[in-house]
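Hello,

Here is the structure I promised to pass on. Please open it first, then read my notes below.

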Amino acid sequence: LSAGEVLKTLNKFYKRKEIQRLGAENGLDARLFHQAFISFRKYIMESTSVSADLHIILNDICCGHVDDLFPFFLRHAKQIFPMLDCMDDLRKISDLRLPPNWYPDARAIQRKIIFHAGPTNSGKTYHAIQRFLSAKSGIYCGPLKLLAHEIFQKSNDANVPCDLVTGEERVYANEDARQASHIACTIEMCSTNTPYEVAVIDEIQMIRDPARGWAWTRALLGLCAEEIHVCGEAAAIDLVTELMYTTGEEVEVRNYKRLTPLTVLDYALESLDNLRPGDCVVCFSKNDIYSVSRQVEARGLECAVIYGSLPPGTKLEQAKKFNDPDDPCKILVATDAIGMGLNLCIKRIIFNSIVKPTINEKGEKEIDSITTSQALQIAGRAGRYGSSFKQGEVTTMHHDDLVQLKEILSEPVRPVKAAGLHPTPEQIEMFAYHLPDATLSNLIDIFVSLSQVDGLYFVCNIDDFKFLADMIQHIPLNLRSRYVFCTAPLNRKEPFVCTTLLKFARQFSRNEPLTFDWLCRHTKWPLAAPKNIKELVHLEAVHDVFDLYLWLSYRFMDMFPDAVLVRDVQKKLDDIIQIGVCNITKLIRASQSAAAPSTAEVMSEDFPLSRTRRDTRAVSDRHGAKSTEALSIAVEVPGERRAKNLKAYRSAARQDDLKSHGRGSLANRLLREGLLTQEMLRQLESEWQDQHRNGRYGLGSKRDDQNSSKETGKKKK
């Protein structure tokens with residue numbers, strides 16, 4: 001047989017619509033069909049000999065009978081994709097079109113659904129909680145430990161015994177550890193088997209969250225309560241109504257308006273010199289937090305700091321410090337972590353930037369302007385009802401952002417279109433029964449590829465789950481234990497935490513209990529107060545490790561036996577982190593002095609803060625890399641200093657990006673992030689054109705780069 005003729009015929013076979021249709025009928029979607037064909041073609045072309053019947057068929061198809069090859073192709077496909085033999089069973093298992101049927105206990109009762117809809121600071125959750133407190137039994141489901149803890153305290157203060165249940169903690173109201181009639185929990189921990197009189201589901205709009213939306217779907221469809229009180233944005237009303245229509249339950253909507261006025265100012269802050277008591281500067285990255293907090297304290301102002309990776313106890317202490325009228329701390333620098341779970345006395349919200357890194361449905365990182373929903377959630381924290389500020393204000397750090405913020409706030413909130421779903425352990429176990437040789441990561445992939453959902457649902461992003469599944473794949477664990485380890489709540493960007501999970505799994509597989517002494521050796525406890533930002537970040541990671549231990553201790557009590565001791569040292573660690581956060585500007589200075597001269601240092605030396613028009617912002621490289629030790633400052637100054645500023649920035653950025661200064665993605669990104677203004681961009685274009693007219697080198701030239709790197713502070717002609 002001619003290899004060239006066979007290859008040509010195989011490619012013809014691949015392109016045949018009839019063959020693709022036959023493949024689809026046998027479970028080969030476009031992706032699997034392509035992979036199977038590549039493997040099949042490689043098998044034929046690289047084999048020194050093939051079976052007699054296949055040799056005859058190949059000889060025939062070279063004469064035109066291409067379709068006769070399909071049975072051999074399908075046989076090969078089933079060898080590399082074993083699930084094709086049990087495709088019908090797998091499709092039934094992964095059929096997600098009727099989630100209400102997963103909760104027979106909830107379907108057995110007629111539930112009353114009340115939707116409390118309104119913006120932040122409208123009293124919607126307050127009214128739902130009042131009904132929760134007056135009920136004979138109840139459950140509160142919130143998105144954060146802080147919110148669950150707040151309801152737990154409120155309930156017990158009102159003499160309504162209430163237990164606290166989070167992934168890492170169980171606190172009983174009764175001294176004999178007998179379960180109370182009321183429970184405040186994080187939403188993932190709610191029970192769908194226990195009957196209640198009243199259930200409260202907070203922040204229902206998070207049902208669309210790409211990672212956690214499944215927990216709200218499960219609570220909404222599965223809670224066994226006579227009354228379900230749902231609180232959140234009005235944008236979720238239509239979806240909740242449609243979901244309840246499929247269960248035969250009606251939705252009563254109660255609308256609320258904001259209790260205090262919120263004003264969007266007509267002027268931007270422009271400079272941190274213009275800060276006033278009660279101001280909160282909102283940033284969307286840790287680097288911006290570090291940078292802004294240092295500049296605030298450089299002006300002789302004390303500030304509190306709150307960001308997402310801080311332990312809940314530290315966040316509460318920082319909030320308490322900011323709220324205390326007798327404390328000299330009157331400024332707050334925070335991320336959007338303040339959007340939920342903290343009661344803060346804020347007069348004015350100032351957006352340091354209006355662009356934020358996000359994760360889309362595919363698990364890809366994107367940088368885009370904040371949504372209307374996010375902007376309203378954050379801005380709404382100003383002027384809280386009952387605080388010392390009867391009116392809230394919102395503005396931006398830079399004037400260019402203010403125009404865009406007004407547009408964002410004026411737009412209607414996009415309606416919530418679909419609710420998240422996630423494969424259950426039982427479904428994965430049934431898949432494993434049919435595919436015993438497949439890894440957990442592959443089982444999840446196959447499940448998602450075969451799953452069928454109707455228009456009201458979507459399958460949540462499972463990249464974190466797959467990451468952990470691949471990481472511990474080589475460790476011998478039974479499927480249920482492996483599944484539990486892969487659902488552990490950790491940040492996969494924290495190497496120390498991921499390494500610890502790996503060690504936990506390895507020790508667990510040997511049936512060796514993970515003791516307090518073992519954990520202390522691994523984390524090098526006791527730990528000292530941080531001396532720089534790097535040490536503070538490590539302490540936060542150790543806190544996450546303690547959280548991970550506690551989370552696993554409630555699922556494998558015999559293997560993680562020292563939860564009480566770990567909780568005690570975690571409280572001590574919380575105090576140490578609190579010390580570090582209170583001295584955060586000292587830690588930043590220590591980090592910068594220990595680091596090699598960076599772009600930030602060059603620029604801050606060249607441009608004293610009194611000369612800056614734009615205040616500090618963290619600058620990332622084009623790959624999004626961020627360093628706690630390289631805090632860059634973007635400034636706008638006249639004439640030759642602007643040119644020196646440009647050279648300093650060029651030494652940290654890639655020159656080929658700057659060639660597209662007028663139209664390219666870098667220019668657009670810098671404009672969007674506020675690091676460039678239109679005026680600066682026009683000036684750069686003008687200077688660039690002048691250089692070319694005079695026969696000088698352009699912005700991205702090799703000679704200019706060399707001159708930039710040799711710059712010693714002298715002015716160039």
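A search of this whole predicted model turns up zero disulfides. What is a disulfide? It is a covalent bond between the sulfur atoms of two cysteines. To count as one here, the two sulfurs must lie within 2.5 Å.

Look at Cys 162. Its closest cysteine sulfur is in Cys 185, 9.2 Å away, so the pair is too far apart for a bond. Cys 162 is buried, with a relative accessible area of 0%.

Now try Cys 329. The closest cysteine sulfur belongs to Cys 303, and because the gap is 6.5 Å, a bond is ruled out. Cys 329 is buried too, and its relative accessible area is 0%.

Next, the sheet. Eight strands make up an open sheet with mixed pairing. Their order is S4-S3-S5-S2-S6-S7-S1-S8. Which strands stand at the edges? They are S4 (170-171) and S8 (251-255). Each has a single partner strand, so one side of each has no neighbour in the sheet.

Strands of a sheet pair through backbone hydrogen bonds, either parallel or antiparallel. S1 (residues 112-117) and S7 (residues 224-232) take the parallel sense, over six bridges. In one of them, Ala 117 is partnered with Gly 232 of S7.

Finally, find helix H8, residues 124-134. H8 packs on the sheet and touches S1, S2 (138-142), S3 (162-165), S5 (182-186), S6 (195-201) and S7. The direction of H8 makes about 160° with that of S7.

Best wishes

Notes: Residues numbered from 1 in each chain as written. Predicted model: local features only at pLDDT ≥ 70, side-chain atom pairs only at ≥ 80, totals over all residues. Heavy atoms only, no water. Buried < 20%, exposed > 50% of the residue type's maximum accessible area, 1.4 Å probe, protein only. Pairing = 2+ DSSP bridges. Helix = DSSP H or I, 4+ residues; strand = E, 2+ residues; numbered from the N terminus. Contact = heavy atoms within 4.5 Å. Axes fitted to C-alpha atoms, helices over the stretch in contact; angles between N-to-C directions.
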